[in-house]
Each structure stands twice: as C-alpha cells, then as structure tokens.
Amino acid sequence: MSPSADTARLAGAKVLVIGDIMLDRYQHGVVERISPEAPVPVVRVVNQDFKIGGAGNVAQNAALLDGSPTLVSVCGADGHGDELERLCRALYIDARLIHSTSRETTLKTRIMAAHQQMLRVDRETTLPLDAGESAALRRTVDGLVDGFEIIVLSDYGKGVVSAEFLTWLHERAAGRKIILDPKTCNFPHYRNLYCMTPNAKEASEGAGLPVAGREDIIRAGKHIVERHRLESLVITLGADGMAVFLPGQGVFHLPTTAQKVFDVTGAGDTVIAVIALALSSGFDLLDSCVLANCAAGLVVGQVGAAAVSREELESELASSSVRKYQRWADF
C-alpha cells in the first residue's frame, strides 16, 4: 500500500481524548539590556500568541491529521479557559470542557527572545478534582464512551486522571482500547491498559530501573508490561526513536526519522495521537508506531508543542527508510 493511501485512512478516524488541558502562551521579545535590579536580561515583549497544550495538543495533532477527536478535560471558569474553547473551535476539535470555579486554567508562559526561551512561568492547580468536578467528568465521559473504540488518556498530573477515575473507566469502557501517556507520580495507579507510551525518563522512574542502553530499555520495558498488566508498551527514546513491546511477538526498535532534534516538547502528544488515530483506522500497533515515529521526527524539528499535518506526514512517508525497524528481542 502506498504512503498516500496509508495517511488517507486516518481521515475521519474517531478518538476520545481525556486528560489535563493547558494553555501555552508564548511572549516574544528582544533583549537590549541587563536589569539594574538583578543580573538578569530585560525582555521587551513585542507580541504574543497562544497554543493549546497537554491533552489539547493530543487532540490538535489528531485534528490536523484530519481525524475526528473529541476532547474531555477540566479547566478554570476564567478568560484562559475561554481562550482554550476558542482554540478548540478554530481547530475543529469537539471539546467538552468542564469549567470549574474552584481551579484556574493551567497556563504556561514562555518568554522568548532571539528564538531562545529565557524563562517559563506556570500558573496551575494540581489538586485532585473535587467531588463536583469528578462527577461532572464521569458524567461527560459516560455520555460519550459508547461512540469510540479508542480512548487516549493524557496524564499531566493536574488532577483529571486519578486512581478512582481509572477504576471507573476500566469498568465503563470494557472492551475498548485505552492508551495512556503516563505521569511518573501516578504509575502505581496504571493497570490493565491496552498500551502506555512513556518516554525513557518516565519508563526508568516508573520501573525503578536505569535506562541507559538497549539492554536496560528491554529490561525496564518488560518489567513495566508485566507489573502493570499491559497488552503493549511504547517507550519513546527522543533522538533514538522508539521501542515497541508486543508480548508474544517481540521487542522492536524504530530508529528516529528526524533530520534534526531542536525541541522535544509535545513529541509524546504527537506519538500517542498518531497511534490512536491509526488504530482507529484499522492499522495494527506496530504499523501505527511506524506512522507515529515518522510524525514525531517532524515535530522535534520545530519549536514548542508542534503538530504535523497529514500532507506533511504523507510527504515524509515517501522516504523508504521510515518503514524500517529492527527486532531487538523475543518477548
């Protein structure tokens, strides 16, 4: 099948994305002097722009690939929450955002000068959802889950993905494929999932094992699969591509397709979005990972939490090298 036909299958694929949404604000300026108050540069801001982040970036990646994502999350009843709604509408994301009066929208402000990040300032609430927020989240998901075969959980540790919610969702969404992008602090709560997609650092911390080379990666990955009773595991390895663990088939390594690695921010969002869309389109997991690895190779060459279009992915897939992978071990 041609690369063009492969990407065409992604169009219209449905994915339910649940997790922590955030607003990324980029303030761009110039540095002309050092502050007289402290030995720090003074950035004169000349413009700013907003982007959708966290679980929102997963949905954005799916939307730009012509998929059909539905996004469920919790944000503040504030202006930044309204901005997230606007961004979702502009991206044609079906957003079901729960606006809470007891928490603020997560806002990450990056001060940029000469294409370099000078400072990041975060405003966020990381407390667990209260009883009302939790009930609203379950009620919203309950009304949607029957319409999806693939569910993505994007856990950024801001309160949406909890042990209680995972237990409820496991029962409510029985028979569906749940794919989770993990947060290390919540690793003890993850069980009985179709797939997890940690990066190397998260895999190391989650397994309690070093991940310094091929054998370490294999050992840590097998440990995570067995300990958390997963059907599969994908460990993203930054500039080294990804490792795919398929019990009964083996452990496979996909080398990166990136020509340059400039910024890995949001690459994990791209990976899980493409895997989910491809699975929803009928691809098996390994072929889904080939597409995801190719897409990740494109976004790491951009600044910030970027996304890739279906046309860009189709063009990159025209290279024969992107479809190669190596069997690392039996599993």
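Predicted model: local features only at pLDDT ≥ 70, side-chain atom pairs only at ≥ 80, totals over all residues.
Trainee: What sits over the ring of Tyr26?

Mentor: The charged end of Lys51, 5.2 Å from the centre of that ring.

Trainee: Ring pairs next. How many aromatic pairs are there?

Mentor: Four. One of them is Phe187 with Tyr190. The centres are 5.5 Å apart, with 65 degrees between the planes, and the pair is edge-to-face.

Trainee: Is Phe187 buried or exposed?

Mentor: Buried, because its relative accessible area is 3% and the cut-off is under 20%. Tyr190 counts as buried too, at 0%.

Trainee: And Phe245 with Phe331: why is that pair edge-to-face?

Mentor: Because the planes meet at 90 degrees, and over 60 counts as edge-to-face. The centres are 6.3 Å apart.

Trainee: Where do the two residues lie?

Mentor: Phe245 is in strand 12, and Phe331 is in the segment after strand 14. Phe245 is buried at 0%, while Phe331 is partly exposed at 22%.

Trainee: Switching to helix 7. Which of its residues are buried?

Mentor: Among them are Asp216, Ile217, Ile218 and Val225. The buried residues pack against several elements, including helix 6 and strand 12.

Trainee: What comes just after helix 7?

Mentor: Arg229, with a positive phi of about 55 degrees.

Trainee: Last one. How do strand 2 and strand 3 pair?

Mentor: Antiparallel, over 13 bridges. A hairpin of six residues joins them. Arg33 stands opposite Val42 in strand 3.

Terms used:
Residues numbered from 1 in each chain as written. Heavy atoms only, no water. Buried < 20%, exposed > 50% of the residue type's maximum accessible area, 1.4 Å probe, protein only. Helix = DSSP H or I, 4+ residues; strand = E, 2+ residues; numbered from the N terminus. Contact = heavy atoms within 4.5 Å. Pairing = 2+ DSSP bridges. Phe/Tyr/Trp six-rings, centres within 6.5 Å; stacked < 30°, edge-to-face > 60°. Lys NZ or Arg CZ within 6 Å of the ring centre and 35° of its normal.
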